[in-house]
Amino acid sequence: MPRTPILIDCDPGQDDAVMLMLAMNAPELEILGITAVGGNVPLAWTEANARRICELMGRRDLPVFAGCDRPLVRPLVTAAHVHGEDGLMGLTLPAPTMVLQRQHAVDFIVETLRARDDVVLCPVGPLTNIAMALTKAPDIARRVRRIVLMGGAIHGGNVTPVAEYNIYADPDAAAVVFASGAPIVMIGLDCTHQALIGPDQIAALKRAGTTAAKATVALFDFPERWRPHLYGGRVGFPVHDACVVGWLLDPQAFAGRDCRVDVETASELTLGQTVVDWHGKHGGAPNAQVIRDVDAPRFLDELLRRLSRP
Ligand code: BDR
Ligand code: CA
């Protein structure tokens, strides 16, 4: 079976951890490497957490690289209040013993994308590493098969009224990525807020009892976070980053359209907003396929099935 080569750029992060476990349980995907960026928690945690998840899943063979420890031009704003000070609140894992690669993540991204033209880049944290790679080597925008990212929103943010965390944390980097000309699939909050891990999923994962299922329960069994008013009446908590792998495995379960997306980098009030021209109002050429909807039961079934795989 031909496998899709992917490169994951992440900031684990609870949902990043689930995304990594899902990707590792998807034989259709070949993970070429995992790069870490400062985001949900500082880089020292995100790179170590990426290695922790590799070890938990028996994948010490996967190379993990550390990248940028702060946004391009702003101080790092973490999301430790969501993910815990160590990034994996609920899941206690020993310090990793597998090596951290010596090469910088940005150089690994450039090298990998220059070596072949079939790689799908999957950023699920602030876009700092990706923007740095595109700045250092603009030719990779033509070589990357696709960038499938979690970030942004058509309507409404989760940090400010209009800004989603990954874009808000490094809006300047996001602007570079959206202006790069690379083919982009943007999976934002409009979509990820439809697919929640809630009581039914927790119960199913508890029954499954595999390593990945147990880890997901540890990371997501926080009923105090199940605030239906935030998620269209749905009960549970979004597993944002896993939607990126969900799209790779089953794009038919997702729906969106090609749009112009611009990132606000100047206004204090709307910093980090992804201005998505869904109705083609200003006539800018589309630069992203913006995913708005997901068949949530279909995606969640697939997620659970994969996490429950022994
Ligand atoms: C995104 O922000 C982070 O906190 C999550 O890991 C996800 O990538 C959701 O807005
Ligand atoms: Ca993330």
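1. Is Y231 buried or exposed? Y231 is buried, because its relative accessible area is 7% and the cut-off for buried is under 20%. Note that this is a predicted model.

2. Y231 has a ring partner, F237. Their ring centres are 6.5 Å apart, and their planes stand at 85°. The pair is therefore edge-to-face, since plane angles over 60 degrees count that way. F237 is buried too, with a relative accessible area of 12%.

3. R225 deserves a look next. The charged end of R225 sits over the ring of F237, 4.8 Å from the centre of that ring. The charged end of R225 also sits over the ring of F222, and here the distance to the ring centre is 4.8 Å.

4. For stacking, the planes must be under 30 degrees apart.

5. Where do F65 and F108 lie? F65 is in strand β3, residues 64–66. F108 is in helix α4, residues 105–115. The pair therefore ties together parts that are 43 residues apart in sequence. Both F65 and F108 are buried.

Terms used: Residues numbered from 1 in each chain as written. Chains lettered and ligands numbered in written order. Predicted model: local features only at pLDDT ≥ 70, side-chain atom pairs only at ≥ 80, totals over all residues. Heavy atoms only, no water. Helix = DSSP H or I, 4+ residues; strand = E, 2+ residues; numbered from the N terminus. Buried < 20%, exposed > 50% of the residue type's maximum accessible area, 1.4 Å probe, protein only. Phe/Tyr/Trp six-rings, centres within 6.5 Å; stacked < 30°, edge-to-face > 60°. Lys NZ or Arg CZ within 6 Å of the ring centre and 35° of its normal.
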